[in-house]
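Here are my notes on this structure, point by point. Please read them with the model open beside you.

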Protein chains: 2
Amino acid sequence: MIELRRIKHCRACGTPVGYKVPDDDNRERAVCPACGLIHYENPLNVVGTVPVWGEQVLLCRRAIEPRHGFWTLPAGFMELGETVEDGARRETVEEAGANIELQDLFTMISVVRVGQVHLFYRARMTDTTLDPGPETLEARLFHEHEVPWDQIAFRTVKETLQHYFACRRAGSYPLQCSSI
Amino acid sequence: MIELRRIKHCRACGTPVGYKVPDDDNRERAVCPACGLIHYENPLNVVGTVPVWGEQVLLCRRAIEPRHGFWTLPAGFMELGETVEDGARRETVEEAGANIELQDLFTMISVVRVGQVHLFYRARMTDTTLDPGPETLEARLFHEHEVPWDQIAFRTVKETLQHYFACRRAGSYPLQCSSI
């Protein structure tokens, strides 16, 4: 859930803030009574890939909370200084150590409850090298019938995988924009 | 430009923070020496539309900085509690007072220098009602030859408009993902 009113102190001067609707605005923001700074809170992007090798997709088993031990696609928060595509590539390297060629944007799912947008690209693995990082217990390739559907970490990952296998059967890969 | 090290005080307890690389991380974050809170800073989404009425597109002249007096597509920061699509619709209502049917995602442009991702949808105006809000000096419809190309507020808006007119000539509207 989105943590409301989680800002208690001004990031510029440390003074306790109050929540109010600033002039020329229509939402409550944390406003500093000392220096006047308005603190905006906005949704964040989680970026990742569906890495594919032949008939198989790559999944990573999480070594961290939330959902420790569950399977996910490589993904994580987009960082300052990178493009959406850079972030998707970076997370694939950090979490799986896979070598990929990024393809088209494949799903964009707004996760309103937690203030996130999840963006997944299709990616072609260029070899079967895998070198999982510290956030991953293991990384491996799965045929569709092997996917552990009841052990998938996040609903956006499950929806993206379902969309992928449906698209593969149909032979085309349109972008899916949705929300949960 | 991205403001680096702009967090001076902990948002939870007000203590002056220091920037360092937390354990199990690979980037500097503002970390509170008193309560241990790690403050992440990530790119934000700007969401908007290309509202179309017949052969014409809707532009708004900005009543606020930056780029006061320049023309833009209706767009603004995505807010907590909404989907990407909700945000694009909301900004179109707030800035232009236009009635639209949202269509497909049309451009997604990473603006790395400022830590933003700009997402524009095509939108079909359902009538010619316009009721500009306080952030807009005027809103009006433009034929392609009337677009004030040298008075467009932002490069992502210019690229989105150029992509739109090129797509219209070609008769199809594929998503453009790019970065500047």
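Strands here are DSSP runs of E with at least two residues, numbered from the N terminus. Note that the model is predicted.

1. **The loop between β5 and β6, chain B.** Start with Pro66(B), which sits in the loop between β5 and β6 of chain B. The peptide bond leading from Glu65(B) into Pro66(B) is cis, with omega near -5°. Arg67(B) is found in that β5 to β6 loop of chain B as well. Its phi is near 70°, a positive value in a residue other than glycine. Arg67(B) counts as partly exposed because its relative accessibility is 36%. Both features deserve a look, because most residues other than glycine have a negative phi, and most peptide bonds are trans.

2. **The cis bond in chain A.** Chain A has a cis peptide bond from Glu65(A) to Pro66(A), with omega near -5°. Pro66(A) lies in the loop between β5 (56-62) and β6 (71-72) of chain A.

3. **Another positive phi.** Asp24(B) is not a glycine, yet its phi is positive, about 65°. Look for Asp24(B) in the loop between β1 (18-20) and β2 (29-31) of chain B. Is Asp24(B) buried or exposed? At 79% relative accessibility, Asp24(B) is exposed.

4. **Chain A as a whole.** Chain A contains 2 helices and 11 strands. Their order from the N terminus is β-β-β-β-β-β-β-α-β-β-β-α-β. The C-alpha atoms occupy a box of roughly 60 × 35 × 30 Å along the principal axes. Of the 180 residues in chain A, 50% are buried. Take the contacts in chain A between residues at least 6 apart in sequence: 59% of them join residues at least 24 apart.

5. **Helix α2 of chain B.** This helix covers residues 155-170, which is 16 residues. From first C-alpha to last it reaches 22 Å, close to the 22 Å expected at 1.5 Å a residue. Its buried residues include Val157(B), Leu161(B), Tyr164(B) and Phe165(B). Glu159(B) and His163(B) are also among the buried residues of α2(B). What do the buried residues of α2(B) pack against? Their partners in chain B are β4 (44-53), β5 (56-62), β6 (71-72), β8 (100-111), β9 (116-125) and β11 (176-179). Just after α2(B) comes Gly171(B), with a positive phi of about 85°.

6. **The interface between the chains.** Chain B gives 40 residues to the contact, and chain A gives 40 residues. About 3500 Å² is buried between chain B and chain A, with carbon and sulfur atoms giving 57% of that area. Between the two chains there are 13 residue pairs in polar contact, both residues at pLDDT 80 or more. On the side of chain B that touches chain A, the elements giving two or more residues are β4, α1 (84-96), β8, β9 and β11 of chain B. The largest share, 4 residues, comes from α1(B). That side of chain B divides into 19 nonpolar, 10 polar and 11 charged residues.

7. **Salt bridges across the interface.** There are 4 salt bridges between chain B and chain A. One to inspect joins Arg29(A) to Glu79(B), with the closest N and O atoms 2.7 Å apart. Asp25(A), Arg27(A), Arg29(A) and Glu79(B) are linked in a network of salt bridges.

8. **Salt bridges within the chains.** The count over all chains is 26 salt bridges. In chain A, the side chains of Glu82(A) and Arg90(A) meet at 2.8 Å, N to O. Glu82(A) is buried at 7% relative accessible area, and Arg90(A) is buried at 14%. In chain B, Arg29(B) forms a salt bridge with Asp25(B), the closest N and O atoms being 2.8 Å apart. Arg29(B) is buried at 5% relative accessibility, while Asp25(B) is partly exposed at 22%.

9. **A bridge between strands.** Glu101(B) and Arg124(B) meet in a salt bridge of 3.2 Å, N to O. Glu101(B) lies in β8 and Arg124(B) in β9 of chain B, so the pair ties together parts that are 23 residues apart in sequence. Glu101(B) is partly exposed at 41% relative accessibility, and Arg124(B) is partly exposed at 39%.

Conventions: Residues are numbered from 1 along each chain as its sequence is written. Chains are lettered from A and ligands numbered from 1 in the order in which they are written. Side-chain values use heavy atoms; hydrogens and water are left out. The expected span of a helix is 1.5 Å times one less than its number of residues. Buried means under 20% relative accessible area, exposed over 50%, partly exposed in between (1.4 Å probe, protein chains only). Contact means heavy atoms within 4.5 Å. Buried area is the accessible area (1.4 Å probe) that two parts lose on being put together, summed over both. A polar contact is a pair of N or O atoms within 3.5 Å; within protein, one must be able to donate a hydrogen and the other to accept it, and residues adjacent in sequence count only if both atoms are side-chain atoms. Ala, Val, Leu, Ile, Met, Phe, Trp, Tyr, Cys and Pro count as nonpolar, Asp, Glu, Lys and Arg as charged, and the others, Gly among them, as polar.
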